[in-house]
Amino acid sequence: MLEIQNISKTFNAGTVNEKQALKGLNLTLEDGDFVTVIGGNGAGKSTLLNAIAGVWLVDEGKIIIDGKDVTKLPEYKRAKFLGRVFQDPMNGTAATMGIEENLALALRRGHKRTLKQGIAGSERKLYRDILANLNLGLENRLTSKVGLLSGGQRQALTLLMATLEKPKLLLLDEHTAALDPKTAAKVLETTERVVNQDHLTTLMITHNMRDAINIGNRLIMMSDGQIIYDVSGEAKRKLKVEDLLKKFAEASGEEFANDRMMLAK
Amino acid sequence: MNFIGDLGSLFNALPGAAAQGLVWGIMAIGVYITYRILDVADLTVDGSFCTGGAVCIMIMLNNQNVWIAMFCGMLAGMAAGFFTGILHTFMGIPAILSGILTQLGLYSVNLKIMGKANQAINANKFDLLISLRFIKNVPLYKNTIFIVAVITVVLIGILYWFFGTELGCSLRATGCNGKMARAQGINTDLNRVLGLMISNGLVAFSGALLVQYQGFSDVNMGRGAIVIGLAAVIIGEAVFGRIFHNFGMRLLGVSLGSIIYYLVLQIVIWRKFDPDLLKLLSAVVVAVFLAVPTWKSRYSARVLRFLVRIGVKGGMN
Ligand SMILES: Nc1ncnc2c1ncn2[C@@H]1O[C@H](COP(=O)(O)OP(=O)(O)OP(=O)(O)O)[C@@H](O)[C@H]1O
Ligand SMILES: [Mg+2]
């Protein structure tokens, strides 16, 4: 489903702020893989997702989604293959537009936007149904502006928008990190439900090691722009948080004491 | 002083002010599209307003139909918006600077179009759609206020339809949240260019109406247009914001805001306010209104209430 060959990305090349965020990274995802991604701050996790999404072009390497080479495609063209949810709940929705308008925008991802009406009347039933599944009471607020929703509601809505038009690959960048624990759990539960239901190939960045172990069929750990640990299947199921901490200390050659991950343990 | 007669002169001037407000209101709707929907402050308008007028007047002076002349004026404005859009997206220049560059370039273009700094057109010799002479003592279908009002309503209708389409919705999403828009497969660069073209097309169309109304075009006629447009948008929102929620009604509010602006202007002139200071006054009023959202968030409601109370007390002492 996804094939990443030897990609590199350097920010601010040739300045004092030069930073090589991806260093010849390789990754192949099978159809239906649900991969959790962990790693310290600045390890390059978000950069990896941004590279796949085409926020900017990579310096080297190749990105192939579902057999199609997208390395040179601009972000808006790649969107056809991708569903994305960001860390900041503000980023995934249009605040000044209504809930149904946001969903209608998402339903047309990958299709040409014409002079037909922005929302066909028949779509509303679909929206009401999928919103009802969220159990957030949004199904009766179709025309409410998204700006009025809470962070958790917005994140849940963004998740729906990312999967409404079934993506080849779902990219989740710490999409529960900005939420309170209860809401985060709910959004995560919804995530698992949607992913399992549609058999979506998924990359999910998280700082919560428990979640990283419990969710999905594969786990990768990143450090310094590379994947340093890749475990799946039975081996992943047997994994313990302590193992991951040890692994991390080994790879980075430093203690893990004051990283955010520790708190999330 | 003959106060009654004086008041009479004000009332005589009001229909003309209203007509002018309507004409400029179309420009203000163009400003609304960039400023409120696309979320860019586009300074192209100061140039494209005149471009629309200049193209229209020159084509009319060549004995072409007034509608063709206005249409060409509008196309010229769209071309101006296109250039700003290319500077902004393809060349990566900040929106404000892109608008300023186009505006500066248009000054020369406008001079070349007109051949000199201004051109006059005589309502007796040419078949104008509107004119300041067609305000009183003409049948309704020739009445300038009526005609511009109808045009405004039709334009609002078209814009209302367009911003409800798939393409129009994607344009609104572009202005609201570019990151989200791209994630949903929307070509935000293309939409920015498109929005600037629509906006400047309206602005130029408004300019094409104004040269007919006043009977001449002038290379400086668009100077400060952006401020007038913003003033109209702000007045419209301040006065009608609470009752007009529907998008079409909001555009109508902008047009009404422009009319209010010109009526107030007329009163200010009537009170013998130094006209040289008018632009300064407009700039100050717009600046204060633009600052209100920042002030509101920076100082809590309580502080504002406190200030108001002090102000009230001070006033009573
Ligand atoms: N657009 C950018 N411009 C410059 N530097 C960047 C940019 N994006 C990322 N970086 C740098 O690349 C490195 C990797 O950043 P990235 O955001 O991928 O880390 P991360 O693994 O997601 O960390 P976190 O857990 O803090 O989110 C960091 O040093 C960061 O400063
Ligand atoms: Mg990150």
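**Reading helix packing in a two-chain predicted model**

Tutor: Helix 3 of chain A and helix 5 of chain A run roughly parallel to each other, where roughly parallel means an angle under 35 degrees, roughly antiparallel over 145, roughly perpendicular 65 to 115, and oblique the rest. The model is predicted, so local features need pLDDT of at least 70 and side-chain atom pairs pLDDT 80 or more, whereas totals for chains, interfaces and linings use all residues. Residues are numbered from 1 along each chain as its sequence is written, chains are lettered from A and ligands numbered from 1 in the order in which they are written, and side-chain values use heavy atoms, without hydrogens and water.

Student: At what angle do helix 3 and helix 5 of chain A pack, and how far apart are their axes?

Tutor: An axis is a line fitted to C-alpha atoms, for helices over the stretch in contact, and the angle between N-to-C directions runs from 0 to 180 degrees. Here helix 3 (residues 99–107) and helix 5 (residues 151–164) of chain A pack at about 30 degrees, with axes 8 Å apart; helices (H or I, at least four residues) and strands (E, at least two) are DSSP runs, numbered from the N terminus.

Student: Which residues of helix 3 and helix 5 of chain A meet?

Tutor: With contact taken as heavy atoms within 4.5 Å, A:Ile99, A:Asn102, A:Leu103, A:Ala106 and A:Leu107 of helix 3 meet A:Leu157, A:Leu160, A:Met161 and A:Leu164 of helix 5. The residues of this contact are 8 nonpolar, 1 polar and no charged (Ala, Val, Leu, Ile, Met, Phe, Trp, Tyr, Cys and Pro count as nonpolar, Asp, Glu, Lys and Arg as charged, the others, Gly among them, as polar).

Student: How do helix 3 and helix 4 of chain B pack, and what is their angle?

Tutor: Helix 3 (residues 66–88) and helix 4 (residues 95–114) of chain B pack at about 140 degrees, with their axes 8 Å apart, which makes helix 3 of chain B oblique to helix 4 of chain B. Among the residues that meet are B:Phe83 and B:Leu87 in helix 3 of chain B and B:Leu101 and B:Leu106 in helix 4 of chain B, and by class this contact has 6 nonpolar, 5 polar and no charged residues.

Student: Is helix 6 of chain B mostly covered or mostly open?

Tutor: Buried means under 20% relative accessible area, exposed over 50%, and partly exposed in between (1.4 Å probe, protein chains only). Helix 6 (residues 166–176) of chain B is mostly covered, with 9 of its 11 residues buried, including B:Glu166 and B:Arg172.

Student: How many helices and strands has chain A, and what percentage of its residues is buried?

Tutor: Chain A has 10 helices and 10 strands, and buried residues make up 52% of its 265 residues.
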